[in-house]
Amino acid sequence: MKRARTSIFICLLLSLTTCDLLDITPNDTIDLEDFYAVPSEAESALIGSYIQTYFLFTDLLLFNNRSSDDLTAPLDGRQTDVLMFRPSLNIGSGEPTALWNSSYSALASINLLLERVPAINPNLFAVPTQPGVANRQQQILGEARFLRAYIYYHLTLFYGDVPLITEFPKSSDPQDNLVSRTPKEQVMAQVMNDLAFAETNIPWNHEGRAVLPEDQLIQSKGRATKAAAKLLIARIHLYNEEWQLAIDKCREIIASGEYRLETRWTRIFNSPESSGNQNTSESILEIQNRRGPDQFNNNGGYSWFHQDGSPRRGATQEAYDLFEGTATNPRDVRKVFSMSQRIEFPNQIYAIKYRNAAPWWDPPDPFNFIPMRLTECYLIIAEALNELGYPNSEALTNINLIRARARDLNFIDG
């Protein structure tokens, strides 16, 4: 009993002597009630939303490939984990759950931004030195709504019906935040509503936001723009077989004069930072990866194909044969630039488009990912015109424009 009483006394003594320390306000957290008071906080939150959304992109790119019939397991003897190496996604691998959780975490941040930014005094957003930025508050909301649309668009592609959540959770109790799935059609209606707002309120470029002249492209290619909103709208119209609407949106992008096709196809994807090929003239949206002592470099998701410098997944012979020519005599530069065979794995065809220097999780020369580019506009127009009436000379012209560039065999110095 004496030992028990002593223990209780010690606990009471500790609680009395440490209460002042516990009452100190932590300085490494943000109180949501005090945040979103000035434009700089809105800008910081927007950058955080971009980071969360772009972090999803490598998973989206990887999972799209993983679920393809054109993908095979590697032949280098490392099939130790069946779930990890199978071509298709399976709930047992945990990856579909991880993508789901990361998506809704990003959506929560975006929804909070969309709720709080309108309450900030709009007069605080005036930028006297940038007359073209008359309503930065609306631009921020437009960029955020593009990101929300981008995430929900991909969620419906992967999962079909998904919970449509457009508000920040009001309770910390998970039971209070349970939301049933919403029919895909309703989710896509919200996506189109968000994209319409974004298309109206965000500019063609963000050059005025760059502090340094050399950062102008980074701002314009790394942020959502009017063209990015229009292109995502065009994709949805194409999916819905609304052919003329898809054509019209893509023609608006081409007519803007903001983008042009690169003369060399390989410049688009030969984009480590040292190459000088990042943010090309045809990139509409390019996820930025810059090397620096305090800069996060996120490229691991897709580079996982090439861990340790050898292929972890391969392409089928059928996919490889879609490119003209042979490995030694290609008629299409993509045959040797996008997929290839290694001497040490002669029976393995594997992807090399986004391959970079080792280590794959933190290479010294990072590269950008490109989810949207002008080429897609020409291909959407060609497909839609073909559906409206075959044969179509303009559709053929668009296809040949893209194919002719891929046949430029003087690619080594590109």
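Colleague: At what angle do H9 and H10 pack?

Modeller: In this predicted model, helix H9 covers residues 226-239 and helix H10 covers residues 243-255. The axes of H9 and H10 are 8 Å apart. The angle at which H9 and H10 pack is about 160°.

Colleague: Is H9 roughly parallel or roughly antiparallel to H10?

Modeller: H9 and H10 pack at an angle of about 160°. Angles over 145 degrees count as roughly antiparallel. That makes the relation of H9 to H10 roughly antiparallel.

Colleague: How many nonpolar residues does the contact of H9 with H10 have?

Modeller: H9 contributes Ala227, Lys230, Leu231, Ile233, Ala234, His237 and Leu238, while H10 contributes Trp243, Leu245, Ala246, Lys249, Cys250, Glu252 and Ile253. By class, this contact of H9 with H10 has one polar residue and three charged residues. The number of nonpolar residues is ten.

Colleague: Is H6 roughly parallel or roughly antiparallel to H9?

Modeller: The axes of helix H6, residues 136-159, and helix H9 come within 11 Å and cross at roughly 30°. Angles under 35 degrees count as roughly parallel. The arrangement of H6 and H9 is therefore roughly parallel.

Colleague: Is H10 roughly parallel or roughly antiparallel to H15?

Modeller: The axes of H10 and helix H15, residues 375-388, come within 9 Å and cross at roughly 150°. The cut-off for a roughly antiparallel pair is an angle over 145 degrees. H10 and H15 are therefore roughly antiparallel.

Colleague: How many charged residues does the contact of H10 with H15 have?

Modeller: Among the residues of H10 that meet H15 are Trp243, Ile247, Arg251 and Ile254, and their counterparts in H15 include Cys377, Ile381, Glu387 and Leu388. By class, the contact of H10 with H15 has 13 nonpolar residues and one polar residue. Its charged residues number two.

Colleague: What is the handedness of the crossing of H10 and H15?

Modeller: H9 passes H10 in a left-handed crossing. The crossing of H6 and H9 is left-handed. For H10 and H15, the crossing is left-handed.

Colleague: Which residue in S6 is the bridge partner of leucine 285?

Modeller: Strand S2, residues 283-287, and strand S6 pair in the antiparallel sense over three bridges. S6 spans residues 369-373 and is mostly covered, with five of its five residues buried. In S6, the bridge partner of leucine 285 is methionine 372.

Colleague: Is asparagine 279 buried or exposed?

Modeller: Asparagine 279 is in the loop between helix H11 (265-269) and S2. Its phi is near 55°, a positive value in a residue other than glycine. With a relative accessible area of 8%, and with the cut-off for burial at under 20%, asparagine 279 is buried.

Colleague: Does tyrosine 36 count as buried or exposed?

Modeller: Tyrosine 36 is placed in the loop between helix H2 (19-22) and helix H3 (39-66). Although tyrosine 36 is not a glycine, its phi is positive, at about 60°. At 9% relative accessibility, tyrosine 36 counts as buried.

Colleague: What is the C-alpha to C-alpha distance between serine 102 and threonine 53?

Modeller: Serine 102 is found in helix H5, residues 95-116. At 27% relative accessibility, serine 102 counts as partly exposed. Serine 102 and threonine 53 are 49 residues apart in sequence, and their C-alpha to C-alpha distance is 8.7 Å.

Colleague: Is the peptide bond from tyrosine 390 to proline 391 cis or trans?

Modeller: Proline 391 lies in the loop between H15 and helix H16 (393-406). The omega of the bond from tyrosine 390 to proline 391 is near -5°. This peptide bond is cis.

Colleague: What percentage of the residues in the chain is buried?

Modeller: The chain has 16 helices and six strands. Of its contacts with a separation of 6 or more, 70% are between residues 24 or more positions apart. Among the 414 residues in the chain, the buried share is 45%.

Methods
Residues are numbered from 1 along each chain as its sequence is written. This is a predicted model: local features need pLDDT of at least 70, side-chain atom pairs count only at pLDDT 80 or more; totals for chains, interfaces and linings use all residues. Side-chain values use heavy atoms; hydrogens and water are left out. Axes are lines fitted to C-alpha atoms, for helices over the stretch in contact, and angles run from 0 to 180 degrees between N-to-C directions. Helices (H or I, at least four residues) and strands (E, at least two) are DSSP runs, numbered from the N terminus. Angles under 35 degrees count as roughly parallel, over 145 as roughly antiparallel, 65 to 115 as roughly perpendicular and the rest as oblique. A crossing is left-handed if the near helix is turned anticlockwise from the far one by less than a right angle, and right-handed if clockwise. Buried means under 20% relative accessible area, exposed over 50%, partly exposed in between (1.4 Å probe, protein chains only). Two strands pair if DSSP finds at least two bridges between them. Contact means heavy atoms within 4.5 Å. Ala, Val, Leu, Ile, Met, Phe, Trp, Tyr, Cys and Pro count as nonpolar, Asp, Glu, Lys and Arg as charged, and the others, Gly among them, as polar.
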